[in-house]
Amino acid sequence: MTLPIGRAAARFTGLLPTRADLTDIRRAPRRDLLAGLTVAIVALPLALGFGVSSGLGAEAGLATAVVAGALAAVFGGSNLQVSGPTGAMTVVLVPIVGKYGPTGVLTVGLLAGVMLVALAALRAGKYMQYVPAPVVEGFTLGIACVIGLQQIPGALGVPRPEGDRVLVVAWRAVEEFARHPNWTAIGFAVSVAAVMLIGARWRPTVPFSLLAVVAATVVARVAGLDAAKPIGDLPSGLPSPSLGFLDLGSLGTLLAPAVAVAALAALESLLSASVADGMTVGQKHDPDRELFGQGLANIAAPLFGGVPATGAIARTAVNVRTGAGSRLASLTHAAILAVIVFAAAPLVSTIPLAALAGVLLATAVRMVEVGSLKAMAKATRSDALILVLTAVATLALDLVYAVVIGLAVAGVLALRAVANQARFDQVPLDRGDHSAEEHALLAEHIVAYRIDGPVFFAAAHRFLLELTDVADVRVVILRMSRVSTMDATGALVLKDAVEKLNRRGILVLASGIRTGQRQVLDSVGALELLRHNGRDYATTPEAIQGARTHLELAGVLPSGTTRQNQDLLPNPATAPEFSKEPG
């Protein structure tokens with residue numbers, strides 16, 4: 001038991017912060033502090049907005065940004081990642097709030113955190129690389145659409161209608177606005193969104209989101225606009241940690257939503273960390289440590305009333321662009337937000353909800369990378385189909401189903417493409433040292449086929465049809481040195497085809513079988529069928545010799561036409577077709 005325990009301990013310690021992290025923090029602290037301040041300014045309105053959109057209130061968004069942001073910065077696997085509440089997570093949380101209430105969301109967050117820690121211990125982070133780019137692009141496009149639709153009630157200044165389908169809720173909000181228009185709310189939302197979008201093009205480094213929100217708040221207070229409904233009272237500080245929200249009786253029903261939250265947190269966090277790596281030189285995140293850090297963050301955030309968190313792509317990008325080089329920047333971001341929670345809660349509570357809706361509308365627009373979408377749509381029809389299906393599923397169903405559907409469709413299309421690479425071609429027999437009459441006689445009774453590519457479940461049945469359609473010959477030689485892979489289904493189909501040919505009196509020989517293929521063929525009983533007199537053949541000339549011997553014994557070829565082995569092997573100069581490869 002010593003070895004497994006030692007291995008488990010080593011695996012766990014590999015997920016903890018290292019001395020190198022502290023060394024990185026000391027390199028350029030002034031630059032990291034400035035980057036953290038900038039990110040905090042950008043993150044404040046987003047944290048408030050996503051907290052409101054989730055249904056738990058602005059205070060939940062701030063608590064998440066502080067607690068989850070700090071823990072993920074310390075224990076995460078990226079030096080540059082910034083974590084907190086995100087629009088993608090909000091999309092998942094809204095129906096959970098509607099069905100289970102705020103305590104259900106907190107419980108789901110804690111369960112998801114435990115699942116993320118388990119995934120980290122299982123070293124599951126590496127599997128992120130298998131998510132195709134069209135799935136990620138479609139997923140992002142769908143999230144942007146959902147976030148935009150979620151802001152319709154706030155932007156129109158109407159109470160959020162009942163329902164958990166974003167399209168239905170948005171339409172009901174429009175109907176309510178038609179009955180009771182609130183042009184002040186629209187003015188705030190459109191103005192804030194316009195300032196953010198135009199300002200980002202003019203001066204990308206200036207935090208126009210905060211400036212626009214501050215301006216809207218000042219105008220609402222000075223003008224006394226009652227239609228500009230504020231956020232409401234915020235607590236001056238974080239609540240004491242508590243497990244009072246846990247309802248052990250409901251844990252079973254909350255497991256499915258927790259799986260969805262954990263899957264989204266893993267996907268978005270690892271994607272965000274990969275984006276950060278791509279924006280820098282020399283930075284490389286540890287995917288398993290990132291899952292571990294996000295797990296701890298999601299375990300702790302609900303204890304302080306926070307919603308589930310993930311790595312935030314937009315805030316991480318701001319962090320990188322402003323010169324961050326270590327975890328100190330994201331820690332500074334969390335610390336500044338904590339100061340705001342404790343010192344400026346009364347001021348933050350006066351921000352108009354419509355202004356936050358404008359912030360999130362602009363965020364949704366900026367999430368859509370038109371150039372990337374065009375490139376993906378033009379790449380192949382399969383990529384375009386995967387992108388569209390994932391985006392539509394995100395909008396119509398939910399994010400986890402969307403990713404599953406995107407991965408499933410991508411897998412099917414990839415299998416079809418791989419299966420189409422498999423080839424089954426007849427190759428001519430060499431003339432070699434044979435006379436024209438002898439070669440003609442051999443050609444009447446022996447046919448050789450070369451199998452190229454994979455022989456697996458997606459391509460095997462087409463192979464079966466082609467092989468069993470062989471014309472009336474006495475021996476079939478299968479050249480298998482170019483078979484790239486073979487699974488049990490492919491081996492079983494090959495066995496079936498050989499048995500059918502044997503029943504027709506046709507002997508099937510194989511040449512160039514590789515070691516890995518030999519094991520699969522032997523496991524299903526197909527290898528014995530491909531042997532003649534207890535052996536299979538390393539090269540095609542040897543297989544031809546075995547076929548001729550068989551035909552002589554069967555009386556098909558005249559006795560004595562077989563030469564000595566050295567005379568039968570074809571001359572490489574005159575038979576290059578058979579001299580280039582073993583089989």
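Helices are DSSP runs of H or I of at least four residues, numbered from the N terminus, and their axes are lines fitted to C-alpha atoms over the stretch in contact, with angles running from 0 to 180 degrees between N-to-C directions. The model examined here is predicted, so that local features need pLDDT of at least 70 and side-chain atom pairs count only at pLDDT 80 or more, whereas totals for chains, interfaces and linings use all residues. Residues are numbered from 1 along each chain as its sequence is written, and side-chain values use heavy atoms, with hydrogens and water left out.

The axes of helix 3 and helix 16 come within 9 Å and cross at roughly 100 degrees, which makes helix 3 roughly perpendicular to helix 16, a term that covers angles of 65 to 115 degrees. In this contact (heavy atoms within 4.5 Å), Pro-45, Leu-46, Leu-48, Gly-49, Phe-50, Val-52 and Ser-53 of helix 3 meet Leu-353, Leu-356, Val-359, Leu-360 and Thr-363 of helix 16. Nine of these residues are nonpolar, three are polar and none is charged, where Ala, Val, Leu, Ile, Met, Phe, Trp, Tyr, Cys and Pro count as nonpolar, Asp, Glu, Lys and Arg as charged, and the others, Gly among them, as polar.

Helix 11 and helix 13 pack with their axes 9 Å apart, at an angle of about 20 degrees, and are therefore roughly parallel to each other, as angles under 35 degrees are classed. Leu-271, Ser-272 and Ala-276 of helix 11 make the contact with Ile-313, Thr-316 and Val-320 of helix 13, a set that comprises four nonpolar residues, two polar ones and no charged ones.

Between helix 6 and helix 17 (residues 370–379), the axes come within 11 Å and cross at roughly 135 degrees, which makes helix 6 oblique to helix 17.

The second largest pocket holds about 1200 Å³ of space. A pocket is an open set of points on a 1 Å grid over the protein atoms alone, where a 1.4 Å probe fits, with protein on both sides within 12 Å along at least five of seven lines, and lining residues have an atom within 4 Å of a point; the volume is the space filled by probe spheres set on the points. The lining of the second largest pocket consists of 38 residues, of which Ile-313, Ala-314, Ala-317, Arg-366 and Met-367 lie nearest its centre. The helices that each supply at least two lining residues include helix 3 (29–54), helix 11 (251–278), helix 13 (313–321) and helix 16 (353–367). By class, the lining divides into 23 nonpolar, nine polar and six charged residues.

Technical notes
Parallel < 35°, antiparallel > 145°, perpendicular 65-115°, else oblique.
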